[in-house]
Amino acid sequence: MMKRFNAWMEKVGVDKLLHFFVAAWAVSECKAFGIGVGCIAWIVVVVLSWIKEDFFDDHVDARDIFAGALGGFVSIALMTLQ
């Protein structure tokens, strides 16, 4: 089971998973103050992902930015299911 999980992580890429989970965590922390603050946090996470990719990485990987945006969106979507 762990071999499959490790193979999946290598296929997807650890950086993309980190973008997804850190964005989801950051947005979920802000959702405690309401859905509006959660949406603002999602926008901030997307902008920070773009800044990180553009200024701190050797090359821009749009999939990392998308993974961060998706993580924040999934966090907000889970809140609406409650």
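This is a predicted model: local features need pLDDT of at least 70, side-chain atom pairs count only at pLDDT 80 or more; totals for chains, interfaces and linings use all residues.
Reader: How should I read a helix pair, and what do α2 and α3 show?

Author: Two packed helices are described by the angle between their axes and the distance between the axes. Here the axes of α2 and α3 (lines fitted to C-alpha atoms over the stretch in contact, with angles from 0 to 180 degrees between N-to-C directions) come within 8 Å and cross at roughly 150°. That angle makes α2 roughly antiparallel to α3 (over 145 degrees). On the α2 side, Asp15, His19, Ala23, Ala26, Val27 and Cys30 make the contact (heavy atoms within 4.5 Å). Their partners in α3 include Val37, Trp42, Val45, Ser49 and Lys52. By class, this contact has 8 nonpolar residues (Ala, Val, Leu, Ile, Met, Phe, Trp, Tyr, Cys and Pro), 3 charged (Asp, Glu, Lys and Arg) and 3 polar (the others, Gly among them).

Reader: At what angle do the axes of α3 and α4 cross?

Author: They cross at roughly 170° and come within 8 Å, so α3 is roughly antiparallel to α4. Among the α3 residues in this contact are Trp42, Val45, Ser49, Trp50 and Glu53, and α4 contributes residues including Gly68, Gly72, Phe73 and Met79. The classes here are 11 nonpolar, 4 polar and 2 charged.

Reader: And at what angle do α2 and α4 cross?

Author: The axes of α2 and α4, which covers residues 62-80, cross at roughly 35° and come within 7 Å. In α2, residues including Asp15, Lys16, His19, Phe20 and Ala23 meet α4 residues, among them Arg63, Asp64, Gly68, Gly71 and Gly72. This contact has 8 nonpolar, 6 polar and 4 charged residues.

Reader: Which residues line the largest pocket?

Author: A pocket is an open set of 1 Å grid points where a 1.4 Å probe fits, with protein on both sides within 12 Å along at least five of seven lines; lining residues have an atom within 4 Å of a point. In the largest pocket these are Asp15, Leu18, His19, Val22, Ala23, Ala26, Val45, Leu48, Ser49, Lys52 and Gly68. By class, the lining divides into 6 nonpolar, 3 polar and 2 charged residues.

Note on methods: Residues are numbered from 1 along each chain as its sequence is written. Side-chain values use heavy atoms; hydrogens and water are left out. Helices (H or I, at least four residues) and strands (E, at least two) are DSSP runs, numbered from the N terminus. Angles under 35 degrees count as roughly parallel, over 145 as roughly antiparallel, 65 to 115 as roughly perpendicular and the rest as oblique.
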